[in-house]
Amino acid sequence: MILYVLRRFINYAILTVIATVMTYMLASSLENPSARYYGKNPRPSEETVNKILNQLGVNPHTPLIERTWHWFTQIILHGNFGDSVDATTVQHQILVRSGVSLKLLIAGSLIGAVLGVALGVWGAVKQYKTSDQVVTYLSFLVLATPVFVIGVLLMIIATWLNNTTGHQLISFTGEYTPTVEGTWPVIWDRLGHLLLPTIALSLLGAAEYSRYQRNAMLDVLS
């Protein structure tokens, strides 16, 4: 059993490395990092752009194999994923985004579980009644819709609401608004930015839990 788990882990690790390297090579081949700097006004010189791209390790004039090997060895030997275009390390960007993802995962899972269990209990108690059928149809509709599509629909609704009221009631760009100051304003601002993605994740979790809870409670009631 231990050897089987170890073998599966090694296979997944190899596939992950291969997929990561191929993705890096594909992105390095198709993207044009110099366009970011040539579009500035005043336009920097060719030497300046090449110097910046060399520091970032994305100079297209360097052979792709050489760039990939340098990037891969830096990760393996030094744990260095390189620098981003905003002068911060990629490790920092990963940690920041991982923190945001963790907050969304925890909030979405908890809210989705509580709401889903409540809807499942309600559906089992009100079996085949109008409320149970509405919850069932909506649950299947949410489960059949990709979460990113739900996110886009929520963004459209939020934009319409903001335009209708004439105020920025709901924000969905970035993690926070840099110009907001003060303890409570900052807290409310961050909660506002988390609102839409949390709703999207909660809807999906609630739809799943409601189906499980309804079936489980119907078995108990039987």
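Is Y128 buried or exposed? Y128 is exposed, with a relative accessible area of 61%.

**Figure 1. The largest pocket of the predicted model and its lining.** The largest pocket holds about 830 Å³ of space. Its lining comprises 30 residues, and those nearest the centre of the pocket are Y24, L56, G57, V58 and W71. Two or more lining residues come from each of helix 1 (2-30), helix 2 (35-38), helix 3 (46-56) and helix 4 (64-78). Sorted by class, the lining of this pocket contains twelve nonpolar, 13 polar and five charged residues.

**Figure 2. The aromatic pair of Y24 and W71.** The partners, Y24 and W71, are stacked, with 4.2 Å from centre to centre and 5° between the planes. In general, a pair of aromatic rings is described by the distance of the centres and the angle of the planes. Y24 belongs to helix 1 and W71 to helix 4, so the pair ties together parts that lie 47 residues apart in sequence. Y24 is buried because its relative accessible area of 15% falls under the 20% limit. W71, with a relative accessible area of 16%, is buried as well. Both Y24 and W71 are also among the residues that lie nearest the centre of the largest pocket.

Figure 3. Helix 5 (90-125), helix 7 (147-165) and helix 8 (183-221) each give two or more residues to the lining. The most comes from helix 8, which provides six residues. The lining of the second largest pocket divides by class into eleven nonpolar, three polar and one charged residues. In general, two packed helices are described by the angle between their axes and the distance between the axes. The crossing of helix 5 and helix 8 is right-handed. In the contact of helix 5 with helix 8, 18 residues are nonpolar, ten are polar and one is charged.

**Figure 4. The backbone at Y128.** Y128 is located in the loop between helix 5 and helix 6 (130-144). The phi of Y128 is positive, at about 70°, although Y128 is not a glycine. As a general rule, most residues other than glycine have a negative phi. The relative accessible area of Y128, 61%, is over the 50% limit, so Y128 counts as exposed.

**Figure 5. E208 in helix 8, shown with V117.** E208 lies in helix 8 and is partly exposed, with a relative accessible area of 35%. Along the sequence, E208 and V117 are 91 residues apart, while in space their C-alpha atoms are 9.4 Å apart.

**Figure 6. Y12 and A87, each shown with a residue apart in sequence.** Y12 is part of helix 1 and counts as partly exposed, at 48% relative accessibility. Between Y12 and T183, which are 171 residues apart along the chain, the C-alpha atoms are separated by 44 Å. A87 is found in the loop between helix 4 and helix 5. At 74% relative accessibility, A87 counts as exposed. A87 and L203 are 116 residues apart in sequence, and 37 Å apart in space from C-alpha to C-alpha.

Definitions and conventions. Residues numbered from 1 in each chain as written. Predicted model: local features only at pLDDT ≥ 70, side-chain atom pairs only at ≥ 80, totals over all residues. Heavy atoms only, no water. 1 Å grid on protein atoms, 1.4 Å probe; cavity = no way out; pocket = protein on both sides within 12 Å on 5 of 7 lines; lining within 4 Å. Points joined across faces, edges and corners; volume = space filled by probe spheres on them. Helix = DSSP H or I, 4+ residues; strand = E, 2+ residues; numbered from the N terminus. Nonpolar A, V, L, I, M, F, W, Y, C, P; charged D, E, K, R; others polar. Left-handed = near helix turned anticlockwise from the far one by under 90°. Phe/Tyr/Trp six-rings, centres within 6.5 Å; stacked < 30°, edge-to-face > 60°. Buried < 20%, exposed > 50% of the residue type's maximum accessible area, 1.4 Å probe, protein only.
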